Amino acid sequence: MALNGASHNITGDRTGPTSGPPPPLGADSKKDILDAAGSEATGQHTGGKDGGDGEQGKKVKTEKELEKERKKAEKDAKFKAKKAAQATGGEKTAAPKEKKAKAEKEVLPEYVEETKPGDKKMLKSFDDPHFKAYNPKAVESGWDSWWEKEGFFKPELTPEGKVKEAGSFVIPIPPPNVTGKLHCGHALATALQDVLIRWHRMRGFSTLYVPGCDHAGIATQSVVEKMLWRREKQTRYDLGRAKFLEKTMEWKDEYHDNIMGAIRRLGGSFDWSREAFTMDENLSAAVTETFCQLHEEGLIYRSNRLVNWCTQLNTALSNLEVDNVELTGRTLLDVPGYDRKVEFGVLTHFKYAIDGTDDFIEVATTRPETMLGDTAIAVNPKDERYKNLVGKSAKHPFVDRLMPIVADNYVEADFGTGAVKITPAHDPNDFALGQRHNLEFVNILNDNGTMNHNTGKFEGQKRFDVRYTVVEELTKLGLYVKKEDNPMKVPICQRSKDVIEPIQKPQWWMKMESLARPAIAAVQRGDIVIRPESCEKTYVHWLSNINDWCLSRQLWWGHQCPAYLVKFEGEQKDGSDIDNELWVTGRTLEEAQKKAEAKFPGKTFQLERDPDVLDTWFSSGLWPFSTLGWPKKTSDLENFFPTSVLETGWDILFPWVARMVMLSLKLTGKVPFKEVYCHSLIRDNEGRKMSKSLGNVIDPIDIMEGISLQELNDKLRLGNLDPKEFKTAERYQKTVFPQGIPECGSDALRMALVGYTTGGGDIAFDVAVIHGYRRFANKVYQATKYVLGRLGEFTPRSTISKSGNESLPERWILHKLSISSKRVNDHLEKREFSLSTQVAYRYFYECLCDTYIENSKAIFDEGSEEEKESAKQTLYTAIEGGLTMLHPFLPFLTEELWQRLPRREGDTTRSIVVASFPQYVQEFDDEAADAEYELLVECSKGLRSLTAEYSVKDSATTFIKPLDSPTSTILSAPTSLPSMRSLAGKSISTITILSPSDAAPTGCAVYTVGASATAFLDIKGRIDVDKEIAKANDKLRRANDSIEKLKKIMDEEWEEKVSEAVKEMERERLRAAELERGNFEKSIEQFLGLKIV
């Protein structure tokens, strides 16, 4: 059964580029790039044959291609043996297969780039073994260092030092952690950002892509401390602060090169001369200036409040660094530092004795250990059960403490017992109640999570051991009542997975409400555009409900707070560090000294600097302007601030993006960027979040360079997974990557990731898709190689223009180039990344390779000299436009090929990096040529689809029946039939053009060419009719199911919520399905006619 020209798989499955995201992954015999390079039947040249040029050497076939040929030969042999058996009496046993000798795969030595780093790459001949076929490593080597040395990535300014007329376009990289390892999220961000940078550079903007990395306070210190203990059995305290920081900086320098080297490998066009690090001298000065300025204005203040304390990291954390895990009831959780799992999700009931009476009051808690810090019991003032107890006190059974019973509307009378134990120093709600009732605040925990001196006989025990021992002691005293399941949330540290403890600590805080208001207004006014729109709503909601920000971190690695405690001689008291009035800030110690002297005249004092450092997000919040020189007034700040786009993951919209907006508006009076684009979260091909324990975390370097399954397993062993997790991860790798990951190269990875970006939901990441783009890169390589062979000694016209003598196919490809250029520019302007890749892909693959290049072969072989010259000029313009259009997506490959093209007269452009991006050309816009030639192309597609569907390898008899007079006129033109013959493939021997009034031929498979024509393939004597009718009916049923399913999801909610890119793909799938249905129905009718005959 002939299917739609875009797809030979069943509708509803993933298909080719006109009904799904490129590259096509279905069994599309003409468009599927996984097979196209080796398919002669479609009329495309076979990979390695250089477009059919007999002068070129044959491609050395890959092991996979040889295996494919072997299986095909075996299948053919089996079929012939079966036929032979039937002819000689119908023996059931087929002739034994003859084992075909497997050709040995030519193993090339490792490619070594001979060009000296920084020099322009020496281009090797296509006859070189490494360049006969597309080799990502050979193609991608040598360019980056030359680009950098030549200064192509530096912003180009006017002689006066100003930005060019087109304007500036600036992206500051979201700085990866210096501890980090490149992951697919980094690769996605770099690909999207660099596409925008390269696209703007090619359109004449002064572009700046700022590289750098973040010091990552908690992460880095944690890693270095572990390393220090493992190697030297020392702690940071053994070394002392100065020595520890020195060690950490050495470690940072080593790992910085790893992460930055990996980012370079992705081809990002960063200006490396402006690389920044959040602890560089100027960025540190920016942090100090900000802290001092905001403290002087009263926005930063000292307060003794509850913080999220991680006992593993020994530091406070912000709410954004804590995950709240929801439990439905009793659950045993692993907690770092404990051999056995700890019980959560349980409400423990127990009693307190009422002082001076024989009465008791029952309370309940999910954290029994915190009862050691109880200082009161609260009841609702309207609760009749407890009115007589308000004003009395309960007696603590383990420490010498009376606890007043207070009335407060905070208590819900119908929850639990209606009486609530109050632990002001260890619970946020209790903290507020404690302040209202002037209760005692008793801290029961040491920083390491053990019980302190306020807990009596429990002192020294670990907090979750006490969870059990305190219940045992209550039971002994007859005070324990019961336990019951209770849904709850458990706060977990994102970094250490420790259970967070609320602990009261004196810290530095920033008032946020007054900073949030202008940040909301900037977005609502349109000064900053946030995409997608859903992220803008989340941004506004979060800032509208913002709390003050805890800035202090109890670390050594980071920016030490520029704050000094004034310690008066002979007057110092415990807890004085809590008093905000006893602190001064200073950009230098001398400035702090002067401030203290002015504040406390005549006093004798010493200054003691706060040992804490600032939250890493504090310095990151200054990134867009501190990297350009702020607080100094620099030319970079003048030329490139505000920046243009901040591209990042939606998950750090709150901790980073919103803070940058608030701090920038406060400190510079300007927005930090004009646009925020939030990319999607990358998941595995099953839709699961990337996790080391699942084994689905993929290193982009492994995709670019390839890796065996054994090497993937070896990496798992280095990851310190527990045995159960290791088995799960190993099983996943074996299932998904049985042969490892093939080498795909940076270009293929980049274009795949950009193609995934629809602006919609999360990305289901599949390495097979990336390998499909590697095949597309091979197509680009082979096509350009063929074009260069055809051009020979050739000088292109000095301008991109027509001669006026172009043939119909030439007019058509120039029209496609102009329209495709316009569409790519429009899509990138709207940040429709996926659609931009589809347009560029289709132009190069379908229009240029599958169609125009195929059509031009006949002209080069048989045309006049004038026709050949015209075809060369057009072919050059088409390939030049295609390479420049693809450059932002495939920078290495396009540079390699562009450098091999002859230059236009007077063109001194040194690199495709600074070449002009193709634009819409009015002169090329030719709707008439498009309509005429598109009809020929579609008819040829129909014929190829039919021959492929019915495996007709040769001598195919075909017909084209126009359905109206205009179509008949086009098809009857003298140039039409030769064009269709060149495009339809070698398997077709005759193409007969019928007239609209002719009867439809019988005994044919049918393919509908839109509303204008019908293609027929004579299949009489070539098929088993009953079998084909059954197959066609089955496919018809499945096509109808797909149509019904697609129409069902395309409701009003779908129209409102789904991105345009996804809508376009789904609508194309529906159109394809409906076309397939029509083809099935008509072919079944023809098959039934054959039965009657």
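Start with helix α29 (residues 976-984): its buried residues are Ser 976, Ser 979, Met 980, Ser 982, Leu 983 and Ala 984. Buried here means under 20% relative accessible area, with exposed over 50% and partly exposed in between (1.4 Å probe, protein chains only). Helices (H or I, at least four residues) and strands (E, at least two) are DSSP runs, numbered from the N terminus. This is a predicted model, in which local features need pLDDT of at least 70 and side-chain atom pairs count only at pLDDT 80 or more, while totals for chains, interfaces and linings use all residues. Residues are numbered from 1 along each chain as its sequence is written, and side-chain values use heavy atoms, leaving out hydrogens and water.

What do the buried residues of α29 pack against? Their partners are α23 (808-829), α24 (833-862), α27 (927-949), α28 (965-971) and β31 (988-993), where a contact means heavy atoms within 4.5 Å. Take α27 from that list: its axis and the axis of α29 come within 9 Å and cross at roughly 40°. Axes are lines fitted to C-alpha atoms, for helices over the stretch in contact, and angles run from 0 to 180 degrees between N-to-C directions. The two helices, α27 and α29, are therefore oblique to each other; under 35 degrees would count as roughly parallel, over 145 as roughly antiparallel, 65 to 115 as roughly perpendicular, and the rest is oblique. On the α27 side the contact is made by Tyr 933, Leu 936, Val 937, Cys 939, Ser 940, Leu 943 and Arg 944, and α29 brings Ser 976, Ser 979, Met 980, Leu 983 and Ala 984. After α29 comes Gly 985, with a positive phi near 105°.

Now step back to the whole protein chain. It has 32 helices and 33 strands, and 55% of its 1093 residues count as buried. Among contacts between residues at least 6 apart in sequence, 76% join residues at least 24 apart.

On to the charges. The structure holds 73 salt bridges, each a side-chain nitrogen of Lys or Arg within 4 Å of a carboxyl oxygen of Asp or Glu. One of them pairs Glu 225 with Arg 236 (3.3 Å, N to O). Glu 225 sits in helix α5 (residues 217-232) and Arg 236 in helix α6 (residues 236-239), so the pair ties together parts eleven residues apart in sequence. Glu 225 is partly exposed at 26% relative accessibility, whereas Arg 236 is buried at 5%.

Back in α24, one of the partners of α29, Lys 857 and Glu 854 form a salt bridge too (3.1 Å, N to O). They are three residues apart in that helix, which means about one helical turn separates them. Both Lys 857 and Glu 854 are buried. There is also a salt-bridge network, linking Glu 289, Glu 296, Arg 587, Glu 591 and Lys 595.

Finally, a look at the backbone. Which peptide bonds are worth checking for cis geometry? Arg 531 and Pro 532 are joined by one, with omega about -5°, and Pro 532 is in the loop between β19 (529-531) and α12 (533-544). The bond from Trp 630 to Pro 631 is cis as well, with omega near 15°. Ala 216 has a positive phi, near 50°, without being glycine; this buried residue is found in the loop between β3 (212-213) and α5.
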